[in-house]
Amino acid sequence: MRADLVPDDLWERVAPLLPPAPERRHRYPGRLRVPDRAALAGVMYVLRTGVAWRDVPAEAVGCSGVTAWRRLRDWTEAGVWPRLHAILLSELRRAGLLDLDDCAVDGSHVRALKGGGGDHTGPSPVDRARPGSKRHVIVDRHGTPLAVTLTGGNRHDVTQLLPLLDAVPPIRGLRGRPRRKPRRLYADRGYDFDKYRRLLWKRGVKPVIARRGVAHGSGLGKVRWVVERAFAWLHQFKRLRIRYERRADLHQGLLELACSLICLRRLRTSF
């Protein structure tokens, strides 16, 4: 197994979250189970390089692509990735590296292959109605992803504003109640609806949203540019540049894993 795919600090956080391996039959034990760390290395290899699962080099990685995909499926269904993301966000807050007062939201289109099949796909209005999906992200003031959701490519950004807020996990790390919502939320003109402004005020969040029909140069870009950088960080993982997974939950799981890796990278660079 390539050690650079699953470093020790990542494995120490993931290992306690993985479901226990099924018990082996004593009379007919069959083939030995691939270690979880090797399977995670296969998932990381696909996430970083974007190769097909069948093209994973088992000799170099220590796990076949089929086994890595099955383990990804099992771990996604067990809810491993949201818990990993929540743990890393709490560590960032404990280290003083998370600013939850000012947050920003935005959406980004991605093309869906395999005939556009699968859940959460639709004709993309920015890609000549080709099948696609849209990723919606909320980040803190530094661009650290707090939550990510997946919808069809034809869904309007504003329809995911409140579900995105609800997807932010309870972020602990300091004494007192965990934080789940920002004080101010920045967004572009796509979120300019008075109905959603009222709903944000009702939740105790101040909406700072650009107005449609107003000339550019409002100054909000000085704060909300970090969400665009967060999408660039996600696209560093080549598997996420195009949606290959037919199952929406698996693509969502890879997105959450990538968000966790971004959080871990920020923890490393802080010391």
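Author: Two strands pair if DSSP finds at least two bridges between them. This is a predicted model.

Reader: Fine. Which residue in S3 is the bridge partner of Gly107?

Author: His136 is the bridge partner of Gly107. The two strands involved, S1 and S3, run antiparallel and share 8 bridges.

Reader: How do S3 and S4 pair, parallel or antiparallel?

Author: Antiparallel, over 7 bridges. Within that pairing, Ile138 stands opposite Ala147 of S4. The two strands make a hairpin with 5 residues between them. In its turn, Gly143 has a positive phi of about 90 degrees.

Reader: And what about S2 and S3, how many bridges?

Author: S2, residues 122–123, pairs with S3 in the antiparallel sense over 2 bridges. Pro123 has Pro131 of S3 as its bridge partner.

Reader: Why is S3 largely enclosed by the rest of the structure?

Author: Because 8 of the 9 residues of S3 are buried.

Reader: Which way does S1 run against S5?

Author: S1, residues 102–111, and S5, residues 184–187, run parallel and are joined by 3 bridges. Tyr186 in S5 is the bridge partner of Ala104. On to the next strand: S5 and S6, residues 206–209, are also joined in parallel, by 4 bridges. There, Arg184 stands opposite Lys206.

Reader: What is Leu146 in contact with, leaving aside its neighbours within four places in sequence?

Author: Its contacts include His85, Leu89, Leu98, Leu100 and Cys103. Ile138, Val139, Asp140, Val168, Pro169 and Ile171 are also among them.

Reader: Is Thr149 buried or exposed?

Author: Thr149 is buried, with a relative accessible area of 12%. The residue is found in strand S4, residues 145–152. Apart from neighbours within four places in sequence, Thr149 is in contact with Lys134, Arg135, His136, Gln160, Leu164, Ala167 and Gln252.

Reader: Lys134, then. Which residue forms a salt bridge with Lys134?

Author: Asp157, with the closest N and O atoms 2.9 Å apart. Asp157 lies in the loop between S4 and helix H6 and Lys134 in strand S3, so the pair ties together parts that are 23 residues apart in sequence. Both ends are inside: Asp157 is buried at 13% relative accessibility, and Lys134 is buried at 7%.

Reader: How many salt bridges in the whole structure?

Author: A search finds 23 salt bridges. One of them joins Arg268 to Asp9, with the closest N and O atoms 2.7 Å apart. Arg268 is in helix H9 and Asp9 in helix H1, residues 8–14, so this pair ties together parts that are 259 residues apart in sequence.

Reader: Is Arg268 buried or partly exposed?

Author: Partly exposed, at 40% relative accessibility. Asp9 is partly exposed as well, at 23%.

Reader: What does Asp106 form a salt bridge with?

Author: Arg224, with the closest N and O atoms 2.9 Å apart. This pair links distant parts of the chain, 118 residues apart, since Asp106 is in strand S1 and Arg224 in helix H8, residues 221–235. Asp106 counts as buried at 4% relative accessibility, and Arg224 counts as buried at 12%.

Reader: Which residues do salt bridges with shared partners join into one network?

Author: Asp192, Asp194, Arg197, Arg211 and Arg212.

Reader: Last topic, cysteines. How many disulfides does the structure hold?

Author: The structure holds 0 disulfides. For Cys103, the nearest cysteine sulfur is that of Cys263, 12 Å away. For Cys259, the nearest cysteine sulfur is also that of Cys263, 6.9 Å away.

Reader: Why does 6.9 Å not make a disulfide for Cys259?

Author: Because a disulfide needs two cysteine sulfur atoms within 2.5 Å.

Reader: And are Cys103 and Cys259 buried or exposed?

Author: Cys103 is buried, with a relative accessible area of 2%. Cys259 is buried too, at 0%.

Technical notes
Residues are numbered from 1 along each chain as its sequence is written. This is a predicted model: local features need pLDDT of at least 70, side-chain atom pairs count only at pLDDT 80 or more; totals for chains, interfaces and linings use all residues. Side-chain values use heavy atoms; hydrogens and water are left out. Buried means under 20% relative accessible area, exposed over 50%, partly exposed in between (1.4 Å probe, protein chains only). Contact means heavy atoms within 4.5 Å. A salt bridge is a side-chain nitrogen of Lys or Arg within 4 Å of a carboxyl oxygen of Asp or Glu.
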